[in-house]
Amino acid sequence: MEKTDTEFSLQAVPQASRNGFGKILAVMLGLTFFSASMWSGGALGSGLTFTQFILIVLAGNFILGMYTGALAYIAAKTGLSTHLLTRYAFGEKGSYLSSLLLGVTQVGWFGVGVAMFAVPVQKVTGLNIYLLIAGAGILMTVTAIYGIKALALLGMVAVPAITILGSYSVFKATKTAGGVQGLMEYQPLEAMGLTAALTICVGSFISAGTLTPDFTRFAKTTRSAVGATVIAFFLGNSLMFLFGAVGAIALGQADISEVMFLQGLILPAIIVLGLNIWTTNENALYASGLGFASITKISKSKIVVFNGAIGTIAAMWLYNNFVGFLTILGSTLPSIGAILLADYFLLKRGKYQSFETMKFKAVNWIAIIAWAGGVAIANFAPGIPPINSLLGSAIIYVVITKSALQLEESSTKKMSEKVS
């Protein structure tokens, strides 16, 4: 007897299996409580005045919130994951490109995350680093198998713990920096340009934000999906940036766990580090499982186990050699989300045919061209690369698609005139 796919990796999530606002918010907060955002916050805190930092974080998270909120709306409306949604714009085989990019990137970051936990803990405890990697990797993989319910439960435990412990550490760091007045009077030794700062703020999470539909497709209503997503980015992502910025200003460390080590809060540091990476890695492994399931048609749980094993085995190698490549790979993902948004809202006017009855093209080459164009614009055009990527891909996709339709209509009209 075939086991029921409770994660609906190859179909729309039915209303009976949808969740309320609270569970979706817990999952999305778990996604946005991301260690790399603390490092980005540290870079911003070191290069901006505190007032500039606040304005950049608000502006950046507004952009991220609008982008991910729009994706959340589509997901809740259709019940489809990112990988299934891209079939409408890219075609069934064409969507494999986005699924492969998303899947590989998330497996890579899972491995990096496991090592990010093991390395500092090994320095403090002296335990064998490979045993720490194996233990963390196995635990994160096992919990990821249980899908969206496990993500929600972990988020409900981890997010309050990280918030409380992190806020206490930041309170102590603020005192070290001379209080709130000391933070407000801080002047960076090397000032960062506001364009560069906004690029860091938006770019640090826009790739992972492209995976928003994988989680918000379980929302009962579009309102709860969009609300949970926007709140998660403004609250979760802003807190991560704040933790990193205050630590960098006061103690020269952007990672809240490193700050806690310096403050003598070793046990809380390990808890915060573990929970922070665990929530992010759970989401990464879950999303990668959906991506490869879309390509291979193998059950998500089996792929999660395989991906978790690969990420765990390669963790140290990924940590030492792969971060730069993953960052470059991640820069290719926003174009996918931009094309999805343009296709749904601008071309299809907010209405997709039912996934079960839709007959997809094999490959929509216009979407592939628009994706490549967006990536090129992000890397070579002046301005803010993530925003360039979003706008460039969307404009190219809409313009070429509408031009192709007009040519087709004109050709059909001429043919009919000749026949008559």
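Modeller: Start with helix α1, residues 21-32. At 1.5 Å a residue, its 12 residues should span 16 Å, and the end C-alpha atoms lie 16 Å apart, so the two agree. The expected span is 1.5 Å times one less than the number of residues. Helices here are DSSP runs (H or I, at least four residues), numbered from the N terminus. This is a predicted model, so local features need pLDDT of at least 70 and side-chain atom pairs pLDDT 80 or more, while totals for chains, interfaces and linings use all residues. Residues are numbered from 1 along each chain as its sequence is written, and side-chain values use heavy atoms, without hydrogens or water.

α1 is mostly covered, with nine of its 12 residues buried. Buried means under 20% relative accessible area, with a 1.4 Å probe and protein chains only. Contact means heavy atoms within 4.5 Å.

Now the core. A nonpolar core is a set of buried Ala, Val, Leu, Ile, Met, Phe, Trp, Tyr and Cys residues joined through side-chain atoms within 4.5 Å. The largest one has 125 residues; Phe53 is one of those touching the most other members. Helix α12 (residues 222-251) gives the most to this core, with 12 residues. Leaving out residues up to four places away in sequence, Phe53 touches Phe241, Leu242 and Ala245, among others.

Phe53 also has a ring partner. Rings of Phe, Tyr and Trp (its six-membered ring) pair if their centres lie within 6.5 Å; planes under 30 degrees apart count as stacked, over 60 as edge-to-face and the rest as tilted. That rule gives nine aromatic pairs. Phe50 and Phe53 are stacked, because their ring centres are 5.7 Å apart and their planes at 25 degrees. Both lie in helix α3 (residues 50-78), three residues apart, about one turn.

Tyr88 is in α4 (residues 82-90) and Tyr352 in the loop between α18 and α19 (365-380), so the pair ties together parts 264 residues apart in sequence. Tyr88 is buried at 10% relative accessible area, and Tyr352 is buried at 15%. Ring pairs link both into a cluster with Tyr73, Tyr344, Phe345, Phe355 and Phe360.

How values were computed
Buried means under 20% relative accessible area, exposed over 50%, partly exposed in between (1.4 Å probe, protein chains only). Helices (H or I, at least four residues) and strands (E, at least two) are DSSP runs, numbered from the N terminus.
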